[in-house]
Amino acid sequence: MSGRLVIAGLGPGSERLITPEVSDALATATDVLGYIPYVTRVADRPGLTKHLSDNREELDRARHALELTATGRQVVIVSSGDPGVFAMAAAVFEAVEAGPAPWRALSIEVLPGITAMLAAAARAGAPLGHDFCAINLSDNLKPWELIEQRLRLAAEADFAMAFYNPRSKSRPEQFARALDVLKTSCADARPVVFARAVSTPEEVIRTVPLPDATPEMADMRTVVIVGSSRTRVIARDGAPFVYTPSSVPV
Ligand code: SAH
């Protein structure tokens, strides 16, 4: 049997948000690779080998998956959310491009998943209903100055913004700095949605005006959505609806 590599997104957490095609790929896999908590989400069964690795080992993991595929295995690499959003798909293609020529002939397929910002936006209402951008706030793979520049330019362009990896123990100061840049660039009280562990039992959704947003409101399990200048909050009993109108008047 010839090998196959599937790069699959497991969605934000709930089993019900895993697509049927990803479930099918997992059901026929011989090997599943990924960051420890993601591989743990895949049920054990006879004939399935799980390869768990640390978060910082993306390129090694990608190469390992390609080597297994080249020997004829049915391999699935899992990411949370969507594999193309700050996750494994790009690492695999980086490994293919730099790797031995026969890897280019392998069967490689990317199966999408529901990414965190879309699951979070759905909970809040429709904050991404008009033009928006997504920014990874981790500076593990790029300089912090570039992140600040993108924040300023996104604010100037009046995009709504979704922030992944807002905060970690190893870089506690940076999200505070990001909020300062936004507060300086945006002189209004646009809503900020802190969506933590969306679709899991630990889910918490909290919406505050930008001037009241503080770094402690986010952690590594939080995706943060900052509205544009046109984003609206519909107050009501319980959580408000947050939405960005789909049109901008001429
Ligand atoms: N590929 C993933 C993103 C990986 S980066 C995706 O498409 O969603 C990891 C970051 O994603 C976390 O730091 C957090 O910002 C966000 N994230 C992942 N799952 C989440 C969830 N269930 N709720 C809120 N944020 C989540």
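Student: How far is the ligand's oxygen from a polar backbone atom of Met-220?

Tutor: A polar contact is a pair of N or O atoms within 3.5 Å. Here, an oxygen atom of the ligand lies 2.7 Å from a polar backbone atom of Met-220. This is a predicted model, where local features need pLDDT of at least 70 and side-chain atom pairs count only at pLDDT 80 or more, while totals for chains, interfaces and linings use all residues. Residues are numbered from 1 along each chain as its sequence is written, and side-chain values use heavy atoms, leaving out hydrogens and water.

Student: Which side chain has an N or O atom 3.0 Å from a ligand oxygen?

Tutor: That is Asn-165. A ligand nitrogen also sits 3.4 Å from a polar backbone atom of Arg-221. Of the 540 Å² that the ligand exposes when taken alone, the protein buries 91% (Shrake-Rupley method, 1.4 Å probe).

Student: How many residues surround the ligand?

Tutor: Count those with a heavy atom within 4 Å: there are 19, and the closest are Asp-82, Val-85, Thr-115, Met-220 and Thr-222. The shell divides into 12 nonpolar, 5 polar (Gly counts here) and 2 charged residues.

Student: Which domains supply the shell?

Tutor: Domain bounds come from an automatic or database assignment. The protein is divided into domain 1 (4–114) and domain 2 (117–243), and each gives the shell at least three residues.

Student: Where do the two domains lie, and how many residues are in contact?

Tutor: Their C-alpha centres are 28 Å apart. In contact (heavy atoms within 4.5 Å) are 8 residues of domain 1 and 10 residues of domain 2.

Methods. A polar contact is a pair of N or O atoms within 3.5 Å; within protein, one must be able to donate a hydrogen and the other to accept it, and residues adjacent in sequence count only if both atoms are side-chain atoms.
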